[in-house]
Amino acid sequence: MFIATLLTNPDRPVLDRVTVESLRNAWGGGDARWLDPGVAAEFAVPAMPANRWDVWAGLQAIGVDLVMQGAAGRRKQVLLADMDSTMIRQECIDELADEA
């Protein structure tokens with residue numbers, strides 16, 4: 001079992017129900033769960049889809065990211081992301097390097 005998570009930039013919430021439900025139906029997924037309407041949703045799928053990279057590329061073109069994770073042992077307790085322009089919306093690696 002795997003979990004498909006679709007997410008997009010919260011400043012430009014372009015994830016819609018049609019996108020989520022179309023992919024869920026195509027992959028034979030379980031009920032979709034909205035983590036943040038317009039921004040993030042997830043659903044379970046029974047197996048890793050063979051076309052996941054093609055789907056990923058198509059979603060990237062509309063500003064949506066796709067993450068596939070194994071469901072076993074999955075715990076959402078930590079967000080791991082690069083800080084520069086992702087968490088703080090500013091490119092700052094050069095400034096930090098200057099300070100160091």
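Trainee: Why does Glu 42 count as buried?

Mentor: Look at the number first: Glu 42 has 6% relative accessibility. Buried means under 20% relative accessible area, so Glu 42 counts as buried. Bear in mind that this is a predicted model.

Trainee: What does the side chain of Glu 42 meet in a salt bridge?

Mentor: The partner is Arg 33, and the distance is 2.8 Å, N to O.

Trainee: What makes that contact a salt bridge?

Mentor: The rule asks for a side-chain nitrogen of Lys or Arg within 4 Å of a carboxyl oxygen of Asp or Glu. Arg 33 and Glu 42 meet at 2.8 Å, N to O, so the pair passes the rule.

Trainee: And Arg 33, why is that one called partly exposed?

Mentor: Its value is 44% relative accessibility. Exposed means over 50% and buried means under 20%, with partly exposed in between, so Arg 33 lands in the middle class.

Trainee: How many salt bridges are there by this rule?

Mentor: The count comes to 2. Besides the Arg 33 and Glu 42 pair, the side chains of Arg 24 and Glu 21 meet at 2.7 Å, N to O. Arg 24 and Glu 21 both sit in helix α1 (residues 17-26), 3 residues apart, which is about one turn of the helix.

Trainee: Are Arg 24 and Glu 21 buried or exposed?

Mentor: Both are buried. They belong to the buried residues of α1, along with Thr 19, Val 20 and Leu 23.

Trainee: What do the buried residues of α1 pack against?

Mentor: They pack against β1, β2 (33-36), β3 (40-45) and α2 (52-61). Just after α1 comes Gly 28, with a positive phi of about 65 degrees.

Trainee: Let's go to β1. Why does Thr 5 count as buried?

Mentor: Thr 5 is in strand β1 (residues 2-8). Its relative accessibility is 8%, and buried means under 20%, so Thr 5 counts as buried. Leaving aside residues up to four places away in sequence, Thr 5 touches several others, including Leu 35, Ala 41, Glu 42 and Arg 74.

Trainee: What makes Asp 94 exposed?

Mentor: Asp 94 has a relative accessible area of 59%. Asp 94 is in helix α3 (residues 93-99).

Trainee: Which residues form the negative surface patch?

Mentor: Asp 94, Glu 95, Asp 98 and Glu 99. Asp and Glu count as negative, so the patch gets that name.

Trainee: What pattern does the protein chain follow along the sequence?

Mentor: It runs β-α-β-β-α-β-α, with 3 helices and 4 strands. Of the 100 residues, 28% count as buried. The chain exposes about 6,900 Å², and carbon and sulfur atoms supply 54% of that.

Definitions and conventions
Residues numbered from 1 in each chain as written. Predicted model: local features only at pLDDT ≥ 70, side-chain atom pairs only at ≥ 80, totals over all residues. Heavy atoms only, no water. Patch = residues over 30% accessible without salt bridge, like charges linked within 9 Å, V, L, I, M, F, W, Y side chains within 5 Å. Areas by Shrake-Rupley, 256 points an atom, 1.4 Å probe, with all protein chains shown as cover. Charge placed at Lys NZ, Arg CZ, Asp CG, Glu CD. Helix = DSSP H or I, 4+ residues; strand = E, 2+ residues; numbered from the N terminus. Buried < 20%, exposed > 50% of the residue type's maximum accessible area, 1.4 Å probe, protein only. Contact = heavy atoms within 4.5 Å.
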